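These are my notebook entries on one protein model.

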Amino acid sequence: MANTTTGSLNYTHHTAPTQFVDAAGIKFAYRRFGKKAGVPIVLNMHFTGAMDHWDPAVTDGLAADREVIIFNNAGISSTSGETPDSIYEMARYEAAFVDALGLSKIDLLGISMGGLIAQQVVIDRPELVRKLVLVGTGPKGGETMQSLTPEAIEIFGAAYANPEDLWLKVLFSPSEKSQAAGRKFLQRKLLRTEGRDPQVKETVAGAQVAALSSYNVITGDRYSDLKKIKQPTLVVNGSNDIIIYTINSYILQQHLPDATLILYPDSNHGSLFQYPERFTADVNSFLNR
């Protein structure tokens, strides 16, 4: 059962306590905050990320209109177990987590690898998801998604005097304006001081790379799974995503039955963190329609 806190929805990104719920043999860590009205939105984090990798400008911006739930999937940071080397397993764990919270309908937002997991949740459990938001991601078997892109390999393989500077390369474009937005994002991300998540284990990256590689094998019916996703979908990306190439966002929009595409200017993999006000306005408008 969930360890719920009375009045928890009065909290913000910075103040929401970490709670735990048991499901599928895992003790999931999660936080809930925002306006308890309508359908809650569950957020799926990117490669090697945990709850404290979310931008409070994004989560609190979404929470102005709805309840926001962030969580760590199996084996990530404060959640127990080991990280699966399968996107399918990650999706099944997420569905079990949502069921354990007693939710019968959610909106679902996923960034990067979290977007792949979100798509699989919708395919496996279509009745669970009302609307879908996919950010900086692509379809199963997308372009140059069979392994890390050359740019990603270079970025993740480099050494950084300040480890947080990695995210300036991963999420933001090289322009002066984008890098300045990135530095502001890093400041916001570190503002929560109480009850922060522990660092993810060293084994997480290897398991997630294996999961991405096996999930993105190109088949003869390469994008056929997208036709199974009937939910209204908002696809968002940067104009030049070098982690999951922007062309994959076009592919999503072309093959999903009901998809809208937004590309933000002079931006990379973390366009939502570069333009948090625009992003949350666009997402809230889409979800409120």
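**Entry 1: salt bridges.** I searched the whole structure and found 13 salt bridges, a salt bridge being a side-chain nitrogen of Lys or Arg within 4 Å of a carboxyl oxygen of Asp or Glu. I note that this is a predicted model, in which local features need pLDDT of at least 70, side-chain atom pairs count only at pLDDT 80 or more, and totals for chains, interfaces and linings use all residues. Residues are numbered from 1 along each chain as its sequence is written, and side-chain values use heavy atoms, with hydrogens and water left out.

I looked up the pair Glu-82 and Lys-201, whose side chains form a salt bridge at 3.2 Å, N to O. This pair links distant parts of the chain, 119 residues apart: Glu-82 is in the loop between β4 (67-72) and α2, and Lys-201 is in the loop between α6 and α7. Helices (H or I, at least four residues) and strands (E, at least two) are DSSP runs, numbered from the N terminus. Glu-82 is exposed at 54% relative accessible area, whereas Lys-201 is partly exposed at 37%. Here buried means under 20% relative accessible area, exposed over 50%, and partly exposed in between (1.4 Å probe, protein chains only).

I then looked up Glu-164 and Lys-189, which form a salt bridge of 2.7 Å, N to O. Glu-164 lies in the loop between α4 and α5 (166-171) and Lys-189 in helix α6, so the pair ties together parts that are 25 residues apart in sequence. Glu-164 is partly exposed, at 22%, but Lys-189 is buried, at 3%. I also recorded a network of salt bridges that links Asp-99, Arg-125 and Glu-127.

Entry 2: Asp-197 sits in the loop between α6 (176-189) and α7 (203-215). Its side chain makes a polar contact of 2.6 Å with the side chain of Ser-78. A polar contact is a pair of N or O atoms within 3.5 Å; within protein, one must be able to donate a hydrogen and the other to accept it, and residues adjacent in sequence count only if both atoms are side-chain atoms. A polar atom of the Asp-197 side chain also lies 3.3 Å from the backbone nitrogen of Met-51.

**Entry 3: helix α2.** I compared the span of α2 (residues 87-100) with expectation: its 14 residues should span 20 Å, and its end C-alpha atoms are 20 Å apart, which agrees. The expected span is 1.5 Å times one less than the number of residues. At the N-terminal end, Ser-86 caps α2, with a side-chain oxygen 3.2 Å from the backbone nitrogen of Tyr-88. The buried residues of α2 include Ile-87, Tyr-93 and Phe-97. Just after α2, Gly-102 has a positive phi of about 80 degrees.

**Entry 4: positive phi.** Most residues other than glycine have a negative phi. I noted Thr-48, which is not a glycine, with a positive phi of about 60 degrees. Thr-48 lies in the loop between β3 (41-44) and α1 (56-63) and is buried, at 14%.

**Entry 5: the whole protein.** I recorded 10 helices and eight strands. Of the 289 residues, 56% count as buried.
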